[in-house]
Amino acid sequence: MSDMSNNAPLVGIIMGSDSDLSVMQPAADFLRSQQIPFELTVVSAHRTPLRMVEYANSASSRGLKVIIAGAGGAAHLPGMVASLTTLPVIGVPVKSSNSIDGWDSVLSILQMPNGVPVATVALNAAKNAGILAAEILGAFDPLISSQLHKYKQQMINEVQEKVEALKGKGWANGFDGK
Ligand code: RP5
C-alpha cells in the first residue's frame with residue numbers, strides 16, 4: 001500500500017521548462033483532487049543533464065513510485081529518465097514554442113527502443129498522465145482504487161446526463177443499453 005499519510009510525494013512531475021507548466025498543470029490538478037502527494041519541478045535533459053541524472057537516480061529512494069515527465073520539441077527527458085530508473089515513467093508530449101506541430105515531441109517520447117518503455121499519453125494530455133499515475137498507485141492501494149472508481153462513475157453519470165439532454169432536445173435514440 002502507498003503511504004499517503006505522511007504527505008511524502010508519491011509522484012514526481014518534471015518538465016523540461018517552466019514554459020511547459022500550463023500544459024503540465026492538469027496532471028498536478030488531478031493528483032491534488034485525489035489527495036495523492038506529488039512534487040513538481042523543472043528538469044531539463046539538455047540544459048541540466050546532471051540534474052536529470054540525479055533526479056532519476058534518487059527518485060525511488062526518495063519514495064517516488066511514478067514519474068510524469070513532459071517536454072516539447074526534441075523531447076528527450078522522459079526517455080532519458082526512463083533509462084535511469086526502474087520506476088514507471090509516463091511521458092507527456094508538449095506542443096511547445098520550438099515544436100513542429102507537436103509531432104517532434106510525440107515521436108521523441110513514443111518511439112522508445114525495446115527495453116526502455118515510456119507510457120506515452122496524447123499530445124498535451126497531462127490530465128491523462130495524472131490519471132494513469134493514480135491508476136498505477138491504485139493497483140496497490142485500495143483507497144486510491146476506490147477513489148478512481150468514483151471518478152469513473154462520475155464520468156458515466158455525466159455522459160448519461162448528456163444522453164438524456166440530447167433526448168430532451170428531440171434527438172431520436174433507439175438504444176437503451178448502459
Ligand atoms: C523543451 O523545450 C521544453 O520542455 C520546452 O517544451 C521547450 C521550450 O523550452 P523554453 O525555451 O521555453 O525554456 O526542452
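Begin the tour at the largest pocket, which has a volume of about 290 Å³, a volume being the space filled by probe spheres set on grid points that are joined across faces, edges and corners. A pocket here is an open set of points on a 1 Å grid over the protein atoms alone, where a 1.4 Å probe fits and protein lies on both sides within 12 Å along at least five of seven lines, and its lining residues have an atom within 4 Å of a point. This is a predicted model, in which local features need pLDDT of at least 70 and side-chain atom pairs count only at pLDDT 80 or more, while totals for chains, interfaces and linings use all residues. Residues are numbered from 1 along each chain as its sequence is written, and side-chain values use heavy atoms, with hydrogens and water left out.

Next, select Gly16, Ser17, Arg47, Gly72 and Asn98, which lie nearest the centre of the largest pocket among the 18 residues that line it.

Now show the ligand, which sits in this largest pocket, meaning that more than half of its atoms lie within 2 Å of the pocket's grid points. Around the ligand, select Gly16, Ser17, Ser19, Asp20, Arg47, Ala71, Gly72, Ser96 and Asn98, each having a heavy atom within 4 Å of the ligand.

Which distances can be followed from the oxygen atoms of the ligand? One oxygen atom is 2.5 Å from an N or O atom in the side chain of Asp20, and an oxygen atom of the ligand is 3.1 Å from a polar backbone atom of Gly72. At Asn98, a polar side-chain atom lies 3.5 Å from an oxygen atom of the ligand. Taken alone the ligand exposes 360 Å², and the protein buries 80% of that, with accessible areas coming from the Shrake-Rupley method with a 1.4 Å probe.

Finally, switch to a cartoon view, where the chain shows six helices and five strands, taken as DSSP runs (H or I, at least four residues, for helices; E, at least two, for strands). Read along the sequence, they follow the pattern β-α-β-α-β-α-β-α-β-α-α.

Definitions and conventions. Polar contact = N/O pair within 3.5 Å; in protein donor to acceptor, adjacent residues only side chain to side chain.
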